[in-house]
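Please examine the sequence and the structure shown here before reading the notes. They are arranged by topic, from the overall fold to single residues.

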Amino acid sequence: MHYKHINNMTCSRSVEFDIDGDKITNISFVGGCNGNLKAIAKLCEGMSVSEIEAKLRGNTCGPRPTSCADQLAIAVREAYEKSK
């Protein structure tokens with residue numbers, strides 16, 4: 001299933017990915033820090049929802065209460081719950 005999440009309070013506008021069971025692939029962000037977000041996408045490629053959450057959930061960016069990485073963790077959980 002392909003999933004698109006509209007990000008909140010981040011420089012990136014959205015994140016999209018494919019979810020198959022609990023495995024996440026084909027992650028791509030729209031907007032934001034291009035190099036850093038490409039790296040996050042590569043590092044998380046093929047990880048499970050719980051692995052991504054464990055590594056990225058709660059990450060903040062400057063004074064913001066969230067980050068692009070945190071938004072990815074939120075999005076993969078939402079997608080997983082919707083796919084059940």
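The briefing below describes the fold, the sheet, the core and selected residues of this predicted model. The chain comprises 3 helices and 3 strands, and these follow the pattern β-β-β-α-α-α along the sequence. Its radius of gyration is 11 Å, close to the 12 Å that the globule rule gives for 84 residues, so the chain is as compact as a globular protein of that length.

**Overall dimensions and burial**

- The C-alpha trace spans about 35 × 20 × 20 Å along its principal axes.
- Of the 84 residues in the chain, 40% count as buried.
- Considering contacts between residues at least 6 apart in sequence, 42% join residues at least 24 apart.

**The sheet**

- The 3 strands form an open sheet in the order β1-β2-β3, and their pairing is antiparallel.
- Because β1 (2-6) and β3 stand at the edges with a single partner strand each, one side of each is left without a neighbour in the sheet.
- Neighbouring strands of this sheet are turned against each other by 20° on average, with direction ignored.
- Strand β2 (residues 12-20) is joined to the antiparallel strand β3 (residues 23-31) by 7 bridges.
- Within this pairing, valine 15 stands opposite phenylalanine 29 in β3, and aspartate 18 has threonine 25 of β3 as its bridge partner.
- β2 and β3 form a hairpin with 2 residues between them, and glycine 21 in the turn has a positive phi of about 70°.

**Helix packing and the nonpolar core**

- Helix α3 lies across β1, β2 and β3, and runs at about 40° to β2.
- The largest nonpolar core contains 22 residues, and Phe17, Ile27, Ile52 and Leu72 have the most contacts inside it.
- Two or more residues of this core come from each of β2, β3, α1 (34-44), α2 (49-56) and α3 (68-83).
- The largest share of the core, 7 residues, is supplied by α3.
- In soluble globular proteins, nonpolar side chains tend to be buried together.
- Leaving aside neighbours within four places in sequence, phenylalanine 17 is in contact with Met1, His2, Tyr3, Ile24, Thr25, Asn26, Ile27, Leu72, Ala75, Val76 and Ala79.

**The loop between β1 and β2**

- Methionine 9 is found in the loop between β1 and β2, and threonine 10 is also located in the loop between β1 and β2.
- Is methionine 9 buried or exposed? Methionine 9 counts as exposed, because its relative accessibility is 54% and the cut-off for exposed is over 50%.
- Methionine 9 has a positive phi of about 60°, although it is not a glycine.
- Threonine 10, in turn, is buried, because its relative accessible area of 16% falls under the 20% cut-off.
- Not counting residues up to four places away in sequence, threonine 10 touches Thr66, Ser67, Cys68 and Gln71.
- A polar atom of the threonine 10 side chain lies 2.8 Å from the backbone oxygen of serine 12.

**Asparagine 26**

- Asparagine 26 is placed in strand β3, and its phi is near 55°, a positive value in a residue other than glycine.
- With a relative accessibility of 47%, asparagine 26 counts as partly exposed.
- Asparagine 26 is also one of the residues in contact with phenylalanine 17.

Key
Residues are numbered from 1 along each chain as its sequence is written. This is a predicted model: local features need pLDDT of at least 70, side-chain atom pairs count only at pLDDT 80 or more; totals for chains, interfaces and linings use all residues. Side-chain values use heavy atoms; hydrogens and water are left out. Two strands pair if DSSP finds at least two bridges between them. Helices (H or I, at least four residues) and strands (E, at least two) are DSSP runs, numbered from the N terminus. A nonpolar core is a set of buried Ala, Val, Leu, Ile, Met, Phe, Trp, Tyr and Cys residues joined through side-chain atoms within 4.5 Å. Buried means under 20% relative accessible area, exposed over 50%, partly exposed in between (1.4 Å probe, protein chains only). Contact means heavy atoms within 4.5 Å. Axes are lines fitted to C-alpha atoms, for helices over the stretch in contact, and angles run from 0 to 180 degrees between N-to-C directions. A polar contact is a pair of N or O atoms within 3.5 Å; within protein, one must be able to donate a hydrogen and the other to accept it, and residues adjacent in sequence count only if both atoms are side-chain atoms. The radius of gyration is taken over C-alpha atoms; the globule rule is 2.2 Å times the number of residues to the power 0.38.
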